[in-house]
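Dear colleague,

Please find below the structure that I am handing over to you. My findings follow it.

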Amino acid sequence: MAFVELKDVYKRYKMGEVTITASDGVSFTAEKGEFVIIVGASGAGKTTMLNMLGGMDTCDEGQIIVDGQDVAKLTSKELTTYRRYDIGFVFQFYNLVQNLTAKENVELASQISKNALDPEEVLKAVGLGDRMDNFPAQLSGGEQQRVAIARALAKSPKLLLCDEPTGALDYATGKVILKLLQDTCREKGMTVIVITHNQALTPMADRVIKMKSAKAYEISVNENPVPVEQIEW
Amino acid sequence: MKNKLVLNTFRSIKTTFSRFAAIMAIIAISCGFFAGVKVCSSDLLISAQDYYEKQQLADFRLVSTLGFTEDDLSEVKKLDGVEAAEYGYSADLFMMLPDGKSLTVKTMSFDSSRFSSGEMLSLPYFIEGRLPENAGECLADASFRSGTEINIGDKIVLSAPENTEFGDIMSRSEYTVVGRVKSPMYISFERGSTNIGNGSLNGFLYIPEENYTYEYYTDIYLTGKKLTGEKFWTDKYEEASDSLKSELEAFAEDRIAVRVSEIKAEAQPDLDDARKKIDDGKREYNDGLKELENTKSPFEALSTACDGIDDILTEFSDKYIPTPSRNVNPVLPEELDSSMKGIGDAFKAFGVDAPIYEMLLSYVTQDPADAVHKEAAKQTIMAYQSSVREQIALAQSDITEAYNKLSDAKNDIDKAEKELAEAIADIDEMTNSAEWYVWNRDDAFPYFANFETDCGRVDAIANVFPIFFVLVAALVCFNTMTRMVEEQRTQTGTMKALGYSRKSIAAQYLIYAFSASIMGGFIGIAICLKVFPVIIYKAYSSMYLLPYLLTPFRWDYTAACILAAVLCTGTASMLSCYSELISVPAQLMRPRPPKEGKRVFLEKVGFIWKRLKFTQKVTVRNLSRYKSRVLMTVMGVAGCTALLLAGFTLKYSISAIVDRQYGDLFLYDMLTVLDDEADEEDRKAVPELLENSPDVSAYMSIMQDTTEIDTKEGVMEVYYFVPSDEKRLGEFITLRTRVGRDPIILDDSGVVINEKLSKQLGVSVGDEITLENASKAVKISAITENYTFNYIYFTHALYKSLFGEYNNNMFIINTADGCDRDRLSAALLENDSVLGSSFSDDGSQKFKDLVSSLNLIVLAIIVAAGALAFVVLFNLANININERMRELATLKVLGFYDGELSAYVYRENTVSAVLGIASGLFLGIFLSRFVITTAEVDAVMFAPDIPLYCFVFAALLTAVFTVFVNLILHFRLKKIDMAASLKAIE
């Protein structure tokens, strides 16, 4: 059985009298340790799908099975526990707590996690060993995103979910961040799912899920993923 | 709507209603609370003014030692300054109730037709019942002072004090109560003082005018032209009243002179008449005396003659004067012959026909040897003699009688002479000491002036609260508007880019703030203007008898408050949007760089910082990051705690009075008042009765006298209290210092006064005070704890040395266990010298009523404090959540449970709340002191200490409010939508 499996997942939002279907029977799977890229245009339903997968949102129909557990059936509290122990999130806008230093932002995650890694070690691992006591405002965008990744990794989650992690970064910095994610996946065997609208990134993934109009219309497994350094866009 | 900007503003009100409501609420609370408390005193005054005007309360009462004549009245009416004047009769009398209880009352004349036509001044205000229809019906005070309830249908009997003839005052003594009234002359429970009974009046009665038998009017009531319609508390009224007073006083002098000559002229014919009668009597007496002398003298001569006969008869009983020859007269000794002739003449003159001389002659010349003839002669003479003697005796008794009559007449004349002299002296005294008393409302009507002062106390309180509320309101508005401006940053940028001017952008915020302020202000004021005065009115109704309360809507206060609110919110919004107004659109379209995180001072204090848990560190950081919000919370919570502390303390201060005054200090259970003028024997029977009563465990006679003392704060009523045995005083009354509770011993070295009086007089132990009518100044030897009324305690030796006279007029009594009160007071009342008894419990009940009415005020304070705390905390929490939505959502994504997330936010709130509570308790000490000293009325001292439980309650209740707000907050936090909050940049 696949590590991650979505079966006919539906999500509908009611906006007044209009019903918007954000997930229209999405199904796909991903194996443990894979680097998965979900690609699609804006409004294709990528983020909705990721939110449901990460326990930030619930689905109306279907199954979302992560490591044998059907996330779709969890209560609000169980979802919190799921996010707490099993999921690491990385956002486009980092979402660091401005009032905490880099290290403290990582600690914010590590203090509530059972198998937490040492915050300082993680920060060193993402290359921020010397910026640990800086506040977010004192860090560059790339550095902030690395803090965000460190914060996600510090929990040693089963699944690392990244929503447009390079969307707010320049080309070079974006590459560095993607490399960090890819390396994490390769070195730690972490399952990483990245959302992007950038088709050019697909060669680096083990598995590519293409979305359009709230549907996953093409799922392909890339037998020979290339390191991100070799990709140009 | 044409203007899309305005439309947008109104839509934003709808979409951000909770924010709009927060501004509205804080403005409503601040404006409402301020206006509500502020109008209390003026509502009370306006209501009193309305009451006074409707009841045509007199501006002046005139009383004359001579009484008033019709002329006096018509002359008063002619005065320039006088609008209307009206006469009246009044007398202070004893009133006996059906149950035998005797009370002192002021009776006033009443005429139903003049009442109905409105000619009467100071109209009684009907509570129930009807007008008297005949001479035997009367109207009674609806709130008698001693707690006695008089009902319609009750029959009462009036009587005069011992030395006064009831008939000189009134022709009728029994009346039936047909109506219960209030009088605008008696605004408080105080009924004034009198010179009968124990010196204070218990109530008043309106008696039909025709029952009074006075020859003159006893009172004139009048209203002033310039005073009519003038508000009684204004300076204008006071000035007009003063000027009318001088006019009346000058007029009084003239009228007195007129009256004096009138009285003298009127009395003169009577005096002359009396003089003439006396003179005539004297003349008659002298004539009678002379005549009597004349009548008396012949009888005296006759009596002498009779005695002469006795002498002759005795002398010649065994001897005789021989006759030389027949027909030749014997030679009698000259002396004897003339005496016999005298006797003969006297008898002849008296009309005795017999020739006494010859008979005597024959007797003295008769030889005793011829015993028969001698004896016969003697018998004949003696027969005449005894007949004359009988007649003399008869005449003598007539003369004595006549003498007695004359001497009686003489006595009468002397008496008349003395009476005349007295009458002249009386008239002189009356005319020399003749005086008109010109009393304005302050002088004439008990507690008239105190009412105004007491109303002012609420006003003083009203002046403190707004400071809190305005500060908090300004902070809340500033924070709220700042947040709003920030949220609309991008929109503002877009507007600017579209070409809208700064003015129109600023206008959006102003419209938002103004509409919140105006609506909030109106709502708050409209509610509080109705609610607060009613609460204060209820609380004051235990003291004042205002029959109704007017709560008009105040456009002036409303306008001023709303203007202030608009200025406050307007300034706050302008300050908060200023930086955005001067920014260029491009700047605004870009997201605002997040506020930098900062290290706080505490981090430098390593040993503390290292010991803090991670979450605690975050809390410290956040507290210093959001300083203005923390300040707002601290102030709001502090205000809330301080208000609560003041409320609880106020309640404690008043409720403690009852227990302390009637539990710890006044140990006696009953007070029995004696009539000064009563029969000595009756008075002596009272202690015997008490001694033998099974209901009494201890008693002592005392003297208590009421007097008025001028103090810094006005005239205060003070009781002089003189125990007959100061050593036993402790059984009945505890004298002790309030602080330390050291017992005070009353001795001859000085007086003991109560704490409140010492404060009002500004004196302390060792100072000397001079009491009115006292022979010398007296030292204050101690200041005693006391809460109700004012007392000066004297030993009776000291009292005597100061005032001379000392006369016990009351008994203080400790009742025995299982005492039958009705039996005891009935037994006492049977004694004619007992005017009545009162139980301490009745007094304490009055204060308990006062306390329960204060519960309303305390409740109002708790509600206001709660509302303040709620609005501030909730608004703060709301802003906090909105502004930190991203951070909180991040935490949720990271897997913080709902509880953990709430705790993360609560920790900051809790620290602010704790800081607020601590500073609130501190501030509350001052606020409580202020509220208590300003709320205090003259007759009462509130307990000035703040017990621990007040602090605990205030802190706990604030904590409850905080927890409540936190609970609501918890649900808001739960609802945060992670996905939405994190998707885009703010």
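The contact between the chains takes 25 residues from chain A and 22 residues from chain B, two residues being in contact if their C-beta atoms, placed from the backbone, lie within 7 Å. On the side of chain A that touches chain B, the elements giving two or more residues are helices H1 (46-53), H2 (76-86) and H3 (102-110) of chain A; H2(A) gives the most, with five residues. Helices (H or I, at least four residues) and strands (E, at least two) are DSSP runs, numbered from the N terminus. By class, this side of chain A has 13 nonpolar, seven polar and five charged residues (Ala, Val, Leu, Ile, Met, Phe, Trp, Tyr, Cys and Pro count as nonpolar, Asp, Glu, Lys and Arg as charged, and the others, Gly among them, as polar).

This is a predicted model, in which local features need pLDDT of at least 70 and side-chain atom pairs count only at pLDDT 80 or more, while totals for chains, interfaces and linings use all residues. Residues are numbered from 1 along each chain as its sequence is written, and chains are lettered from A and ligands numbered from 1 in the order in which they are written.

Chain A contains six helices and 10 strands. Of its 233 residues, 52% are buried (20 or more other C-beta atoms within 10 Å of the residue's own, with C-beta atoms placed from the backbone). Among contacts in chain A between residues at least 6 apart in sequence, 70% join residues at least 24 apart.

Yours sincerely

Methods:
A residue is buried if 20 or more other C-beta atoms lie within 10 Å of its own, exposed if 12 or fewer, and partly exposed in between; C-beta atoms are placed from the backbone.
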